[in-house]
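Me: Here is the model I have open. Can you go through a few spots with me, residue by residue and then overall?

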Amino acid sequence: MPDAVVIGAGPNGLVAANVLLDAGWSVEVLEAQDEPGGAVRSDRGVHPDYVSDVFSAFYPLAAASPVLARLDLAAEGLRWAHAPAVLAHPLPDGRCAVLERRVEDTCAGLAGFAPADAEAWQALYRTWSRVGPDLVQALFTPFPPVRSGLRLAAKLRAGGGLRLARKLALPVRRLGEEEFAGEGGRLLLAGNALHADLAPEAAGSGGFGWLMSMLGQSHGFPVPVGGAGALTDALVSRLRRRGGVLRCGERVTSVDVRGGTAVGVETAGGETVGARRAVLADTSAQSLYRDLVGEAHLPPRLLRDLERFQWDFATFKVDWALTGPVPWTAPGAVGAGTVHLADGVDGLTRFAAQIATGHVPDEPFVLFGQMTTADPSRSPAGTESAWAYTHLPQRVTADAGPDRLTGRWDNREEEAMADRVEAQVERFAPGFRALIRARRILSPTTLQAMDENLHNGAINNGTAALHQQTVFRPTPGTGRPETPVKNLYLASAAAHPGGGVHGAPGANAARAALRPHGLHSFLHGAQRV
């Protein structure tokens with residue numbers, strides 16, 4: 001019997017297992033899919049000569065994560081690559097906002113939109129350089145972040161902390177308007193905010209847009225050499241080298257709870273896997289509590305709170321094998337690993353409003369990845385392994401476009417939506433469609449079938465909006481990974497600090513399990529309040 005059972009071999013589950021192994025525990029990881037990785041996988045499913053990242057692709061949060069840094073995955077062979085430019089947002093008139101690798105180059109480009117915007121971006125980056133490391137540390141440690149929080153508070157008190165707090169609470173549209181005279185800086189902030197489900201008018205979207213933009217400026221948007229799966233391979237290699245056990249194709253159907261304590265799990269094959277000390281779940285909160293634990297073991301208040309749980313946007317993704325580089329009209333987009341496609345901040349607002357009203361957007365905001373540009377090993381020389389994704393409503397009520405899409409995502413609807421995404425790319429890169437050698441469509445239902453944590457294509461395991469962060473994630477409580485069931489811990493992006501590939505939810509759950517269990521009675525009571 002292992003000391004701990006980890007449900008799910010996504011990045012958070014694998015990080016949790018590695019942290020426990022480093023502490024001397026024995027660990028068994030059970031994964032329902034036939035391969036590990038969750039949403040960090042790559043394959044040659046589009047074309048045998050092209051490596052495609054199936055889900056996530058660029059990893060600024062991984063590059064900045066102190067959690068992953070402590071695991072020293074370079075020792076397992078993990079290497080990172082960067083595109084010449086981090087991110088670009090072209091406009092139909094040929095102008096292009098570019099987040100460059102060097103801050104001086106970013107500033108020079110933004111000066112082309114408005115001369116004063118070079119200093120405006122530099123000022124935002126100076127603030128990041130002062131508080132960013134402690135902010136990241138505070139975000140990626142268990143809540144409340146006492147040590148890093150105190151360091152951050154001291155720096156904020158000495159440097160206009162209330163004004164910075166106000167900036168971070170602003171909607172990203174307002175933040176852009178206050179900071180920049182031209183459109184370029186505003187585009188970079190607002191496009192990065194919509195990597196999550198944060199509309200330009202949402203409170204706190206300014207803070208998220210600033211965070212992602214500054215991470216891109218300081219760390220880039222790196223990719224694992226050889227494909228996203230190389231990151232998973234490194235985590236699995238480290239786990240096995242330390243004696244951990246990983247079993248794929250083993251679906252957990254329930255958590256064994258006795259006397260209010262988790263003592264193991266049951267699998268679909270009828271096997272009971274006991275756990276001497278802890279069970280950690282890299283699953284959605286809904287799945288853990290409703291499906292694996294069951295309502296009989298949970299306080300009524302938690303069950304009522306789960307009814308108010310909000311998923312983030314659904315996701316629709318297309319992968320391509322291209323016979324040549326993308327023919328962008330804007331030269332600034334050519335060397336960027338990530339390209340944002342929308343008609344300015346107003347286009348982003350229109351897109352987000354359509355989703356909020358349940359409409360499939362007629363002109364989707366497209367996040368486009370040029371993977372061979374970032375890592376030449378992904379496809380033959382002179383070609384491009386590319387992908388794009390866009391967001392959709394979790395529940396479709398109507399189609400803002402002409403195709404009568406309903407959200408069934410049958411073959412007709414998948415093809416029509418993929419064509420809509422390609423039409424948006426074609427607007428900014430005429431001739432794009434002529435380069436397509438092969439494509440793969442991943443609709444919301446397909447994404448969920450390939451990774452059950454991606455509920456209808458929700459890639460962040462719950463909204464990133466302020467009302468479901470910190471002490472409100474996944475439900476109002478303590479913001480910690482402990483659950484009302486003793487020795488059971490939530491180790492997924494459903495827990496603080498949320499989505500992105502950084503490993504913090506898994507590490508936080510592991511550290512909670514390693515502590516003496518004296519806090520459980522307090523935390524159990526907090527769930528009932």
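Predicted model: local features only at pLDDT ≥ 70, side-chain atom pairs only at ≥ 80, totals over all residues.

**Ala120 and onwards**

Me: Is Ala120 buried or exposed?
Reply: Ala120 counts as buried, because its relative accessibility is 12%. Buried means under 20% relative accessible area, exposed means over 50%, and partly exposed is in between, using a 1.4 Å probe and protein chains only.

Me: Fine. Which element is Ala120 in, and what does Ala120 touch?
Reply: Ala120 sits in helix H5, residues 117-139. Leaving aside residues up to four places away in sequence, Ala120 touches Glu179 and Phe180; contact means heavy atoms within 4.5 Å. Helices here are DSSP runs of H or I with at least four residues, strands are runs of E with at least two, and both are numbered from the N terminus.

Me: Switching to Thr372. Where is that one, and what does Thr372 touch?
Reply: Thr372 belongs to helix H15, residues 371-374. Not counting residues up to four places away in sequence, Thr372 touches Arg378, Ser379, Thr383, Glu384 and Ser385. Its relative accessible area is 11%, so Thr372 is buried.

Me: And Ser254, where does that fall?
Reply: Ser254 is in strand E10, residues 252-258. Its relative accessibility is 21%, so Ser254 counts as partly exposed. Beyond residues up to four places away in sequence, Ser254 touches Val265, Glu266 and Leu292. The C-alpha atoms of Ser254 and Thr267 are 7.1 Å apart, although the two are 13 residues apart along the chain.

Me: Now helix H14. How many residues does H14 have, and what does it span?
Reply: H14 runs over residues 344-356, which is 13 residues, and reaches 19 Å from its first C-alpha to its last, close to the 18 Å expected at 1.5 Å a residue. The expected span is 1.5 Å times one less than the number of residues.

Me: Which residues of H14 are buried, and what covers them?
Reply: Gly344, Val345, Gly347, Leu348, Thr349, Phe351, Ala352, Gln354 and Ile355 are buried. The cover includes strand E6 (85-90), helix H8 (172-179), helix H9 (183-193), strand E16 (359-360) and strand E18 (384-392). Just after H14, Gly358 has a positive phi of about 85 degrees.

Me: Which residues take a positive phi without being a glycine?
Reply: Arg404 is one, at about 55 degrees, and Asn461 is another, at about 60 degrees. Arg404 is in the loop between strand E19 (398-399) and helix H16 (411-428), and is exposed, with a relative accessible area of 65%. Asn461 is in the loop between H17 and E21, and counts as buried at 4% relative accessibility.

Me: Where are there cis peptide bonds?
Reply: One joins Arg473 and Pro474, with omega about -5 degrees. Another joins His496 and Pro497, with omega about 5 degrees. Pro474 lies in the loop between helix H17 (444-450) and strand E21 (488-490), and Pro497 in the loop between E21 and helix H18 (504-514).

Me: Last, the whole chain. How many helices and strands?
Reply: The protein chain has 19 helices and 21 strands. Its C-alpha atoms fill a box of roughly 65 × 55 × 45 Å along the principal axes. Of the 529 residues, 61% count as buried.

Conventions:
Residues numbered from 1 in each chain as written. Heavy atoms only, no water.
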